[in-house]
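Hi everyone, thanks for coming. Today I'd like to walk you through some aromatic contacts, so let's bring the structure up.

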Amino acid sequence: MFKNSSATNLGIILAILGVVLFSAKAVIVKLAYQYKIDYLTLLLFRMVFSFPFYLVIALWKKPAQPEIIKRIDWFWLFFFGFIGYYLASLFDFMGLQYIKAGLERIILFVYPTIVVLISWLVFKKKLNTNQLIALLITYAGVIVAFWDEIGLKGEDAILGGFFDFIKCYYLCVLPCG
């Protein structure tokens, strides 16, 4: 079935590791908030610690013909990379001040539904019955999960949910440029 099973297995392992580490980030941020660290300081630490990894990847995957890439292209690449990474992380860290890590993950996983809604609103793509039912079930589930948080934290939960929803929306719109 697969021509190179060792490469496939490595890919599966890396994908699982990526999901686990990506999900663990919210838990680590919530643990850090117990020490009265503000979201900007945490964001600074995240960016400082991740910069060497991005630098190594950039040097490793440098373009074969860099002369083809214009200066303005480098500018836009840096601009959207920095702004995209910074703003998405900023909204994420701001939201995590107010809501649980689990609820943040639930809100983040509505990302595909936002893409469907943008396609419907902006590109006038029709929603079929299955998509409509899926949207209704998804948002009903988010409301049920969110309702408990509102009971525990009140308006702070609404603010945290808003920040995380903005992060989701931002992640959907930015790639569209």
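**Aromatic rings and their neighbours**

Let me start with Phe79, which is partly exposed, its relative accessible area being 32%. Please keep in mind that we are looking at a predicted model.

How many aromatic pairs are there? The count comes to eight. One of them joins Phe75 and Phe79: this pair is stacked, with 5.9 Å centre to centre and 15° between the planes. Where do these two sit along the chain? Phe75 and Phe79 are both in helix H3, residues 71–96, and because they are four residues apart there, about one helical turn separates them. As for Phe75, it too counts as partly exposed, at 43% relative accessibility.

Now over to Phe162 and Phe163. Buried or exposed, what is Phe163? Phe163 is buried, with a relative accessible area of 13%, whereas Phe162 is partly exposed at 48%. For Phe163, the reasoning is that buried means under 20%.

Back to Phe75 and Phe79 for a moment: together with Trp76 and Phe80, they are linked by ring pairs into a cluster.

Finally, a look at charges over rings. Which ring does the charged end of Lys61 sit over? That of Trp60, at 4.6 Å from the ring centre. Likewise, Lys25 places its charged end over the ring of Phe22, 5.9 Å from the centre.

That's my tour, and I'm happy to take questions!

Terms used: Residues are numbered from 1 along each chain as its sequence is written. This is a predicted model: local features need pLDDT of at least 70, side-chain atom pairs count only at pLDDT 80 or more; totals for chains, interfaces and linings use all residues. Side-chain values use heavy atoms; hydrogens and water are left out. Rings of Phe, Tyr and Trp (its six-membered ring) pair if their centres lie within 6.5 Å; planes under 30 degrees apart count as stacked, over 60 as edge-to-face and the rest as tilted. Helices (H or I, at least four residues) and strands (E, at least two) are DSSP runs, numbered from the N terminus. Buried means under 20% relative accessible area, exposed over 50%, partly exposed in between (1.4 Å probe, protein chains only). A charge sits over a ring if NZ of Lys or CZ of Arg is within 6 Å of the ring centre and within 35 degrees of the ring normal.
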